Amino acid sequence: MSETVTPLALEDLPHFFVPLPPDTDATRPWPERRLACSANYVVVGHGLTTGCRIYVYSLPTFNLVHVLEPQLEEVPDEQSFQIHGEILVVTSWKRDDDGPSDSCSMSFWDLSVGKLLNGVTLPDHFSHPTISIPYRELIETEENGNLVKEEWPKNEMLILCSPGAEVLCVVAVHRSGGHDNPIMAPLMTLPIHAAVTHFSMGKTVITGGADATVRVWDITTGECRLVLMGHRNDVTGVRMNATRIYSWSADGAARIWDRHSGDCLHVLDLLNSATGSIAGIAPSYFITPMWIHGEGARILIWDPVSGQIAHRIDTTLSVHCHGPIFFAKERTLMAWQVFSDIPFGQIDIWDVRSGKMLIEQSLGYDHNRPLAVCSQARFLIVLVKKSEDDAYMLRVWDFSLYGSPTDEPEPRIDSLGDTTHFSVPLPTDYHPDDRDLSLECSATHVVLVQRANHRVYVYSLPTFDVNVLELAGVSHLDSISIYGDILVARGTHVSQAERQKCLHFYDLSTGQSFGVFPHGYRRVDISFPGTEVIEIEENGKLVREEWPKKPTFVICFAERILQTCTLHRSFKQSGYNIDAQAEDEQESATMVPGPAIALSHNARVHASIGRTAVTAGSDATVRVWDVITGECLQVLIGHLSAVFNVCLDSARIYSSSKDNTVRIWDRHCGDCLHAILDHIRRITSPFTFVKCVILLMQSPPQSNLIHRLRTTPPYLIGTTFETPAQGCTTLVWDAGGGRLVQNIAHYGEGFLGPVRGGEHTLVTGEWDCLRVWDVNSGRVLIRLSAGTPPELLEFCAQDRFVVALVAQGQGYTLRVWDFGDDRLASAKDDVLPVNSG
């Protein structure tokens with residue numbers, strides 16, 4: 001967790017006072033004060049029964065621009081006094097001769113001109129009608145038969161949800177007659193379920209109600225797109241961002257849903273506590289405050305990707321909201337409370353990234369009695385009454401005045417769960433002066449290679465037990481790579497009189513050699529095809545089975561040959577330490593070559609899955625081969641220069657070329673689905689969840705070119721190398737739409753890292769630390785220090801472990817971070833799609 005720090009006091013920070021007009025009635029009782037703020041305005045409601053006045057201040061100058069005098073009967077609480085953009089909405093209860101009626105009235109005021117726009121009466125009393133302004137987002141619309149991307153909504157719009165009337169009203173605010181004459185025009189009224197809460201973004205509105213469902217609506221068509229089922233009691237709050245829907249319920253649980261498919265991604269246990277409103281969604285967090293009887297409030301800060309608790313905050317304060325931006329790019333979390341019977345209050349502010357308290361402040365002890373509190377991204381505002389002269393004032397703290405302190409710790413988000421780390425000393429026979437090292441890992445092993453003596457230290461996972469593998473027969477070691485429990489070493493074989501380059505295959509579980517394949521001094525490319533269900537003919541019938549059945553390598557030689565090699569294990573594994581007598585009794589494992597395929601072009605790279613191999617080369621073509629029959633199935637033409645990377649998955653083929661394009665092809669018919677141009681510059685739209693591809697750069701290649709493509713759901717990632725000074729840029733692509741939607745700037749190489757909620761992270765290295773990134777948001781999740789003094793030499797990463805070779809004194813050690821197993825499941829059947837199209 002984050003380091004312990006002493007919270008600041010607001011008294012230590014610069015602030016100023018804004019006096020309210022002198023005609024403010026100081027005799028009004030305390031409850032008749034309301035305070036609200038938005039990005040551009042602060043409003044103070046004074047005397048919110050009869051004779052009400054609302055003072056409107058513009059930000060950031062705090063000039064008093066309007067004094068509104070609405071005719072109100074009763075404004076019961078803070079929820080009845082809200083600002084949405086430039087619209088102030090005041091909700092008051094209607095009264096009759098017998099007291100409060102079963103209806104309420106809502107008045108809408110344009111704060112830019114200080115005029116009443118409209119008023120409505122709704123059959124709501126016990127449940128508040130809710131108002132929202134849709135957040136703008138990029139959507140696709142059809143114009144003249146073409147799909148066009150544009151921001152929506154284009155004009156001001158209000159969404160009104162009435163639980164009593166069971167309707168959703170869409171209202172536009174038109175300023176066509178000039179800014180001084182705005183009008184409200186109803187666009188649509190939808191009959192809905194008994195929704196007590198809603199949220200809107202773009203053309204999508206989500207509602208939650210007493211029927212325990214969350215419903216997704218398209219407000220351009222009026223269509224209900226999804227009904228999300230799973231809660232067991234009233235849904236009392238909903239939120240949404242570009243990829244997820246968040247809901248929580250009186251059943252004591254919150255749920256995270258995929259916004260597009262409706263899948264329930266996580267069910268969050270809120271400890272069966274009574275919940276307040278969701279404090280909000282920070283860019284990387286989901287925040288749920290709740291009230292525990294007899295204990296106070298508990299605020300849980302969740303990682304929405306993994307569904308795990310990042311931080312827990314216990315407080316006795318009852319009101320929770322977003323606080324100002326303070327030493328960060330995210331809003332803080334604020335809790336506050338003021339009292340009607342005593343002249344005191346309290347404000348606490350926390351950093352949501354680390355969970356640490358930034359500010360702890362008692363109010364009222366300086367003879368300025370606190371009455372109400374509000375905050376926005378820049379200002380923290382408290383309405384106070386000065387005891388010496390009964391004057392009302394706004395006390396304002398401007399957080400934009402505060403620069404980042406030099407000792408502010410590196411952002412660290414423990415949203416990968418409880419991360420443990422430990423050190424693994426190198427074996428005693430390790431030569432400390434040899435800095436020509438190589439570190440690689442797979443799902444089952446980590447290997448450290450000392451090139452000078454051709455010695456490989458093999459660590460089995462997850463125990464990190466070590467064995468030493470001597471690369472017998474290798475006179476000069478060029479490189480190594482791991483595929484599962486098989487190690488492939490590239491080097492010169494000592495028995496070759498011509499000192500020909502060879503591939504050496506070793507079984508890491510036994511330390512035995514499988515064989516040696518000479519390849520001359522020219523380029524050779526290796527792949528390890530994943531299994532895939534294929535159809536083969538047996539006795540005149542088509543049979544479906546997984547292929548390959550045994551570990552198989554596909555080797556692409558520069559001599560225009562594609563060769564398959566299958567590993568045959570017909571021996572009893574007995575470990576590394578085999579005495580001479582026992583070794584004579586062992587049957588040796590061998591690599592058995594399959595049929596060689598004569599390629600029809602000069603292939604530089606290839607990729608394979610199942611029985612399919614894809615090759616690419618200097619002739620600007622991509623070719624698809626059946627490695628069982630040797631047949632060329634397709635020739636994909638479209639690139640204008642040499643193709644130096646290919647990969648494939650079950651549906652698509654991906655290729656990148658020196659013509660600065662990435663092309664996405666249909667694997668089965670060969671159609672070019674997308675030609676992605678100018679991929680460095682087009683970073684505009686929000687991320688969408690689709691099946692994607694991984695592109696990783698292994699060495700500093702030509703600037704701005706993407707090198708070595710790999711696939712893994714659900715991301716398409718490409719890393720480009722700029723210059724040693726500028727570092728790298730990792731690009732996140734939408735493979736289904738062919739759009740570039742995210743970028744991450746970093747130094748050094750990057751690997752796919754620990755799995756987080758079913759999704760891989762990105763791990764990048766610098767000279768003193770490693771950084772683990774959330775690929776979806778482009779944010780640093782955690783910084784892993786290499787130690788003091790730091791010197792990071794090599795690192796590798798896989799689904800669970802991140803391993804670094806670190807200089808320590810006169811020697812070296814392996815530093816290991818264990819992120820644990822990711823066993824979070826998705827509730828695929830927990831949703832009922834409605835008219836999903």
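Modeller: Let's start at a turn: in the hairpin of β4 and β5, with four residues between the strands, Phe 62 has a positive phi near 60°. Keep in mind that this is a predicted model.

Biologist: Is β4 largely enclosed or open, then?

Modeller: Largely enclosed by the rest of the structure, because five of its six residues, 53-58, are buried.

Biologist: Back to Phe 62. Is it buried or exposed?

Modeller: Phe 62 counts as buried, at 8% relative accessibility; the cut-off for buried is under 20%.

Biologist: What about aromatic pairs, how many turn up in the whole structure?

Modeller: The search finds 13. One of them is Phe 16 with Phe 62, an edge-to-face pair at 5.7 Å centre to centre and 80° between the planes. Phe 16 sits in strand β1 (residues 15-19) and Phe 62 in the loop between β4 and β5, so the pair ties together parts that are 46 residues apart in sequence.

Biologist: And Phe 16, how accessible is that one?

Modeller: Phe 16 is partly exposed, with 32% relative accessible area.

Biologist: Why is the pair of Tyr 459 and Phe 464 called tilted?

Modeller: Their ring planes stand at 50°, with the centres 6.4 Å apart, so the pair is tilted. The tilted class lies between the stacked limit of 30 degrees and the edge-to-face limit of 60. Tyr 459 is buried at 1% relative accessibility, and Phe 464 is buried too, at 8%.

Biologist: Which rings link into a cluster?

Modeller: Tyr 483, Phe 505, Phe 517, Phe 528 and Phe 553, linked through ring pairs.

Biologist: Switching topic: how many residues lie between the strands in the hairpin of β11 and β12?

Modeller: Two, and Asn 144 there takes a positive phi near 55°. The strands themselves, β11 at residues 137-143 and β12 at 146-152, run antiparallel and are joined by seven bridges. Glu 140 has Lys 149 in β12 as its bridge partner.

Biologist: What's the strand order in the open sheet of four strands?

Modeller: It goes β51-β52-β53-β54, with antiparallel pairing. β51 (603-609) and β54 (632-637) are at the edges with a single partner strand each, so one side of each has no neighbour in the sheet. Ignoring direction, neighbouring strands here are turned by 20° against each other on average.

Biologist: How many bridges join β52 to β53?

Modeller: Five, between β52 at residues 612-617 and β53 at residues 621-626, and the two run antiparallel. Ala 616 stands opposite Val 622 in β53.

Biologist: Zooming out, how many helices and strands does the protein chain have?

Modeller: One helix and 71 strands. Of its 837 residues, 56% count as buried.

Methods
Residues are numbered from 1 along each chain as its sequence is written. This is a predicted model: local features need pLDDT of at least 70, side-chain atom pairs count only at pLDDT 80 or more; totals for chains, interfaces and linings use all residues. Side-chain values use heavy atoms; hydrogens and water are left out. Buried means under 20% relative accessible area, exposed over 50%, partly exposed in between (1.4 Å probe, protein chains only). Two strands pair if DSSP finds at least two bridges between them. Axes are lines fitted to C-alpha atoms, for helices over the stretch in contact, and angles run from 0 to 180 degrees between N-to-C directions. Rings of Phe, Tyr and Trp (its six-membered ring) pair if their centres lie within 6.5 Å; planes under 30 degrees apart count as stacked, over 60 as edge-to-face and the rest as tilted.
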